[in-house]
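Dear colleague,

I am passing on to you the structure we spoke about, with its sequence, so that you can look at both before reading any further. My notes come after it.

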Amino acid sequence: MFGVVMNHVFNYGLLIYDDFRVDASTISGFLVWSILELMKLMSLPSVNCYILISGYFLIEKTQFRLKGMWVVWNTTWFYAVSIYILAVATGIVPFSWNELRIHATPLLSNSYWFVTSYIILLFLAPFLSWILQKLSKRQYQIALVLGGIACFQLLLGQFIMDDQQVLLFVYLFMIGGYIRRYVDHASSGFYALLCSIGLLMLMYAYTLFKNDPLHNSCFAVYAMEYHGLILPLSVAIFIFVKHWRINHQTFRKCILTIAPLSFAVYIIHTQSIVDKWLWATASQWLGSCSIYWLPFACILIALLVFVICVLIEFLRTLAIRWKMGGN
């Protein structure tokens with residue numbers, strides 16, 4: 001989720017899709033561009049990895065995850081509506097019945113594209129798990145190959161994956177399930193690390209080529225499609241991290257505390273009112289920064305957004321537990 005926030009910092013704060021450029025005619029300028037480009041590329045697998053995690057844990061379950069769907073919906077609805085009401089009450093935005101309707105029906109209005117696609121995936125998960133559990137390893141591999149042909153950008157994905165997030169989510173779910181069932185070799189983490197580095201360098205080289213360094217000294221920071229080379233990079237990163245063994249108890253406790261709070265980070269900071277104010281402010285700040293401080297500024301903004309949203313969600317869950325305990 002921190003990677004998702006970092007991705008948004010680049011998209012809406014640094015405005016890489018608009019006129020943002022780095023003068024790479026000097027060694028220091030080229031170094032700054034390289035750091036920013038690698039930061040952007042490393043943040044892109046975050047959404048895919050979120051779905052891989054879901055597939056990894058849900059592949060063994062064939063029951064409907066009604067509680068999981070309710071948590072996703074309840075968190076989304078609460079922040080979408082409460083932030084709007086708070087903004088109206090404080091005079092930030094005027095009241096509008098149409099705006100209230102949009103915020104109160106986030107799935108129908110598709111104001112959170114990720115949530116809409118993710119809830120559909122959670123609904124499909126029991127059926128997918130039941131089908132995939134019936135497949136042999138060979139049949140599962142054939143299904144992954146066929147899914148890869150349909151989803152991967154360099155194959156048929158460039159023709160049939162126009163805003164088809166659910167299809168990509170289903171395919172990522174399948175990959176996560178396959179990793180859970182069949183990828184457990186001790187050496188796979190090392191090979192996944194090598195693969196991650198190789199893919200990252202390949203994408204970096206491609207973005208360098210797109211900037212045409214022989215004829216252009218002002219470099220853009222490029223992104224890549226989730227179903228392009230980011231797809232195998234996401235899988236490699238997931239397999240690598242899967243083999244981590246975290247023995248430090250305090251660190252493990254922090255992870256287990258923050259993990260269930262992290263989904264709200266996405267909902268809070270992408271709520272339309274927060275989104276508009278946040279990135280306008282961040283854009284002004286980044287615009288006034290020295291080019292050499294931009295990598296640190298991007299990390300700082302992402303960290304602040306992540307921590308503040310986690311604290312807000314922590315206080316909300318604390319209030320819910322207090323109220324339930326009081327009843």
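This is a predicted model: local features need pLDDT of at least 70, side-chain atom pairs count only at pLDDT 80 or more; totals for chains, interfaces and linings use all residues.

Gly3 is a residue of helix α1, and it counts as buried because its relative accessibility is 15%, where the cut-off for buried is under 20%. Leaving aside neighbours within four places in sequence, Gly3 is in contact with Ser43 and Ser46. Gly3 can also be set against Met39, which is 36 residues away in sequence, with a C-alpha to C-alpha separation of 9.3 Å.

Leu15 is found in the loop between α1 and β1 (22-23). With a relative accessible area of 26%, Leu15 is partly exposed. The backbone of Leu15 deserves a look, as its phi is near 60°, a positive value in a residue other than glycine. Most residues other than glycine have a negative phi.

**Helix α2**

Ile27 belongs to helix α2 (residues 27-43). Is Ile27 buried or exposed? Its relative accessible area is 76%, so Ile27 is exposed. Between Ile27 and Tyr171 there are 144 residues of separation in sequence, and their C-alpha atoms are 42 Å apart in space.

**Helices α8 and α9**

Helix α8 (residues 137-151) packs against α9 at an angle of about 55°, and the axes of the two helices are 5 Å apart. That angle makes α8 oblique to α9. On the side of α8 the contact is made by Gly148, Ile149, Ala150 and Cys151, while α9 brings in Gln153, Leu155, Leu156, Gly157 and Ile160. Taken by class, this contact of α8 with α9 has 6 nonpolar and 3 polar residues, and no charged ones.

Leu202 has its place in helix α11, and at 47% relative accessibility Leu202 counts as partly exposed. The C-alpha atoms of Leu202 and Leu229 are separated by 9.0 Å, although the two residues are 27 apart along the chain.

Asp212 lies in the loop between α11 and β2 (218-219). Asp212 has a positive phi of about 50°, although it is not a glycine. The relative accessible area of Asp212 is 32%, and therefore this residue is partly exposed.

**Helix α12**

Lys242 lies in helix α12 (residues 230-242). What may be of interest is the setting of this residue: Lys242 is buried, with a relative accessible area of 18%. When neighbours within four places in sequence are left aside, the residues in contact with Lys242 are Tyr56, Ile179, Val183 and Asp184.

How many of the residues of α14 are buried? The count is 8 of its 8 residues, and the helix is described as mostly covered. The buried residues of α14 are Phe263, Ala264, Val265, Tyr266, Ile267, Ile268, His269 and Thr270.

Gln271 lies in the loop between α14 and α15. Gln271 counts as buried because its relative accessibility is 1%. Without counting residues up to four places away in sequence, Gln271 touches Tyr79, Ala80, Ile83, Tyr84, His103 and Tyr112.

With kind regards

Terms used: Residues are numbered from 1 along each chain as its sequence is written. Side-chain values use heavy atoms; hydrogens and water are left out. Axes are lines fitted to C-alpha atoms, for helices over the stretch in contact, and angles run from 0 to 180 degrees between N-to-C directions. Helices (H or I, at least four residues) and strands (E, at least two) are DSSP runs, numbered from the N terminus. Angles under 35 degrees count as roughly parallel, over 145 as roughly antiparallel, 65 to 115 as roughly perpendicular and the rest as oblique. Contact means heavy atoms within 4.5 Å. Ala, Val, Leu, Ile, Met, Phe, Trp, Tyr, Cys and Pro count as nonpolar, Asp, Glu, Lys and Arg as charged, and the others, Gly among them, as polar. Buried means under 20% relative accessible area, exposed over 50%, partly exposed in between (1.4 Å probe, protein chains only).
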